[in-house]
Amino acid sequence: MPDNADLECRAISKSFDDFQAVKEVSFDVPPGTFFSILGPSGCGKTTLLRMIAGFQAPSGGDLLIKGKSMLNVPPNKRPVSMVFQHLALFPMMSIGANVGFGLRQRGVNKVDIKKQVERVLERVGLGGVADRPVDSLSGGQKQRVAIARCMVLEPDVLLLDEPLGALDLKLREHMKIELKKLQSEFNTTFVYITHDQSEALVMSDQIAVMNHGVFEQVGTARELYYHPTTAFVAGFVGEANKYQAKVQVAGAGSLQLLTRDGVALQGVDAGEGLKEGDMTQVFVRPEAVRLSRRQEDIGNLGNTGNGTVESVLFNGANSQLILRDSATGSEMSVALPQTSEFRDLSKGDPIFFGWEPDQTRCYRQAAG
Amino acid sequence: MKSTVLFATGAALALTTFSAQADTLRLLTWGGYAPEDVVAKFEAETGHTVEVTKSNNEEMVAKLRATNGGGFDLAQPSQDRIAGAQAEFGIYKPLDMSKIDTSQFIPSMLTATKGNTMVDGEVYGVPHVWGTSGLVVNTAMAGQVQDYMDLCDPSVAGKVSYRLKRPTLIGFAFSMGMDPFAAYADADAYQAILDKVEAQLIDCKSNVKTYWGGGDEIKNLLRSGEVTASMAWDTGGWQLNDDNADITFVAPKAGALGWIDTFAMPARGRADDAAYAWINFVMQPEIAAMITTAAGNFTASQGGDAGVADALKAKYQASFPQEAIDNIKWYPAVPAGLEALEGATLDRINAAK
Amino acid sequence: MASDKSRLGLILLMAPLAIWLMTLIVLPHVGMFLVSLQEKVGIRQYETSLANYAVFFNEPLYWNTFARTAYMSITATVLTLLIGFPVAYYIAKLTRGRTKTTLFLMCLIPFWVSELVRTFGWMILLRETGVLSSFLQYIGVLAGPVEFLYNDAAIMTGLVYTSMLFMVVPLVTTLDSLDDSLIEAGYDLGGSSFSILREIVIPHAMPGIVSGCIVVFMLSLGNYLTPILLGGKDSLWFTGLIYDQFITRFNWELGSAFGFLLLGLSSLIVFLALKLSGQSLGKTMGR
């Protein structure tokens, strides 16, 4: 265990009446890290965050901030601050009073509060608004006030509970970048929870993917994307085409597979120790698939097939092609390169496709 | 001569009974004055229906004033409260004595009531039920209380209750050796009496547990023993006597205050015939006895006490020896405006610490 | 043409309300006002003057009674708020679902019986031979019977009890609308329970507090039964004075004047309280 971690959880658990929301989760967050916890709703990430903030007591395990156990420390005495899902700005106070709230509780004198509030507001790009009511701000500005309100207290860890959820798409994209910028500017440890993988991937230094109360995988965005260690992570992070297949031949990491529809594939074992006869889940990223109008262009790839264009989902650089595999009749999603070659593709056109075996990650099919 | 009158009224009665169509009699009266069995009997005999509204003296005037004497066909205010209210607000109409069977009334009461309710030579009321107010005392615990003034005696401190109403002022005035009734016509003299009574009642305030407001309240206080001596109506004392032989009505030495509740006709009443029919009906001795049994008070019906249970008569006789009956102070008609003087006095007593 | 039609529709729609307001509220008040301007100079003789209003200001008894009534009503309002606020906070913030409904209903149950019965209930509890006195003697706190009835504390108990629902309901409604995360944010930023109550909960609940207080103050001021039945020998209440003027003194003129003075003076008190608390009637009642 690193001694210098800002936040450390040791086998932390939380049980409700008949339901275990968090199951013995252990992790540590080094100082200055943007740490995200990514998971679908109901995975236990909010419970975990509320335990760190102190609103819920763990049923087991320990929680340390800067090496000190927080188990018996009430939320108002913990060196953490939280940005709430709906920001929880106090509507009965001006912006300045909101930001100065924590300082007032600490008994800082009025002159210093005014100075510090103005300074932190300037840092988030909102200088000179201290006397205005909260309602006069736009969504993104409110976001920054909420962060300023926490940061003025110089917490060891800043917790963020899906704060971008209420914003519209365009603003959300913008705020992702801004949040990351603020984090590196303040150089504070951020623990950010979200169900939106793109938020996590864009901003985080480290991401923990959480499901059913446990961490499936902790790693950088790249690690999670290119080397997911579980089927859940492979399916949850990024897009993927999924197959179910049976291992025919297993050897030295490479596998010969036969899908349910009777198509032979080559793939790699994602560290599961698969053996002949095991049922597997197979994931193929849309951008790993190469397209061509001519069969010979893709002949040298490990896995090939042909089909017809079902639809073209044009979205600029992120355009997608849905094709129907003529061998199985199933649909497949493929990233559509914006080259002149494919610009005139339309529904019903025949198309050839293929991908490399090492882009074909196989995981053990869970029983049942 | 008398028989002709009798015959004439009998004929009139017969005429109304048969010719007049069935009416609804809206009766504004006191609790117990129109018991259900009497109403049922009346309705069966005459075909009229009776709607009973229970009230008290003050409310009767207030209600009738609000409607200029409408909404009711027959009211039963006390005889002393008619002339003043009539002079001030004109809420009653004169009675047609030819339609009333006067032979059913005790003559002395009828004469007195007619005199007291006379305005501009017209009669506005005939007597119905009479009774007194005086002292209701728990004789075992406060047997020494014989007069209104005894309520201020230290021996009953904290165990006394009376109303903050005009009978209290009158009772204390008599007990203090003055005659308020004689001063009715002279506002200055009356005010002088009130001032003395006011001083006495403020002085007496520390003795009082509470000023009672309703009949049930004072009965509860006496029954529970929280109050041992009080000013109240005779019937209340007799009723309590049934439960606790120690509690009874005592006619004060200065004299019980006698009241007579009457029949008076609201100015804009509609069912006059039914009203006269009701008066003649309830004054029959056997009906009067039923009302006495229900209300606890005797009526002005000639021979009406014959049918009353002996127990009630015995209590009456125990509370009223002959000299006590002779000493009853009957309320004379209250001149208009007197209530304002009394009200101010009562307010000052109430506010005093 | 279309606007004419819609205007007609609006007039028809508002007509019942307007008629109701006119016949049941405006007309009686106009009538009462006219009566209050009548000065009685003799039997069936009246003159128009402000004499009845002068009576109120010249007679210290009436003044004092009004001041006492207002003072007691304000005290009752404050007490009701102090007791009602924790109750409302508990119902709104610390309970859920069925418990919440049950507790809310329990606040309502006393109102299923008439005010008279409720007041008699208190009399049974508080009287010298009543439940409380007997119980305290039984457990040995009191040596002999003690009268809890017929004093200002008994009036206060009755008024607070009668008013509780009217304080709790608006408070629960406003506290319900307070987002829990605001309270959590307060704690998270280092606030103590007291500072969160003072800086977040109370400012948020202010409209509920103000409307609850106005209703309770007006109800207490206009209460008749409770002070009469539970009060002591010198417990004058202004509504009692009005009743006396109308019913036992037959002095409708003075009674009407008192009625208008009660209306005016109580409105003035509410207005001053709103000014002092920095609230406006529109802001509190509009919610």
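These exercises work through chains A and C of a predicted model.

**Exercise 1. Describe how helix 2 of chain A packs against helix 4 of chain A, and classify the arrangement.**

Solution. 
- Step 1: Locate the helices. Helix 2 covers residues 95-105 of chain A, and helix 4 covers residues 139-151 of chain A.
- Step 2: Two packed helices are described by the angle between their axes and the distance between the axes.
- Step 3: Read off the values. The angle is about 30°, and the axes are 7 Å apart.
- Step 4: Classify. Angles under 35 degrees count as roughly parallel. Helix 2 and helix 4 of chain A are therefore roughly parallel to each other.
- Step 5: List the contact residues. Helix 2 of chain A brings Ile95(A), Asn98(A), Val99(A), Phe101(A) and Gly102(A). Helix 4 of chain A brings Val145(A), Ala148(A) and Arg149(A).
- Step 6: Sort by class. This contact has 5 nonpolar, 2 polar and 1 charged residues.

**Exercise 2. Give the strand order of the open sheet of 4 strands in chain A, and find which strands stand at its edges.**

Solution. 
- Step 1: Write the order. In chain A the strands run 2-1-4-5, with antiparallel pairing.
- Step 2: Find the edges. Strand 2 (19-29) and strand 5 (68-69) of chain A each have a single partner strand, so one side of each lacks a neighbour in the sheet.
- Step 3: Examine one pair. Strand 1 (residues 7-16) of chain A is joined to strand 2 of chain A by 7 bridges, and the two run antiparallel.
- Step 4: Lys14(A) lies opposite Val22(A) of strand 2.

**Exercise 3. Trace the pairing of strand 13 of chain A with strand 12 and with strand 20 of chain A.**

Solution. 
- Step 1: Take strand 12. Residues 254-259 of chain A pair with strand 13 (residues 264-269) over 5 bridges, in the antiparallel sense. Ser254(A) has Val268(A) as its bridge partner in strand 13.
- Step 2: Inspect the link. Strands 12 and 13 of chain A form a hairpin, with 4 residues between them. Gly262(A) sits in the turn and has a positive phi of about 85°.
- Step 3: Take strand 20. Strand 13 of chain A joins strand 20 (residues 361-364) of chain A through 2 bridges, and these strands run parallel. Asp269(A) has Cys362(A) as its bridge partner in strand 20.

**Exercise 4. Work out which elements of chain A touch chain C.**

Solution. 
- Step 1: Count. In total, 17 residues of chain A are in contact with 15 residues of chain C.
- Step 2: Assign elements. Strand 6 (80-83) and helix 2 of chain A each supply at least two residues of the side that touches chain C.
- Step 3: Helix 2 of chain A gives the most, with 3 residues.
- Step 4: Sort by class. This side of chain A has 10 nonpolar, 5 polar and 2 charged residues.

Definitions and conventions
Residues numbered from 1 in each chain as written. Chains lettered and ligands numbered in written order. Predicted model: local features only at pLDDT ≥ 70, side-chain atom pairs only at ≥ 80, totals over all residues. Axes fitted to C-alpha atoms, helices over the stretch in contact; angles between N-to-C directions. Parallel < 35°, antiparallel > 145°, perpendicular 65-115°, else oblique. Contact = placed C-beta atoms within 7 Å. Nonpolar A, V, L, I, M, F, W, Y, C, P; charged D, E, K, R; others polar. Pairing = 2+ DSSP bridges.
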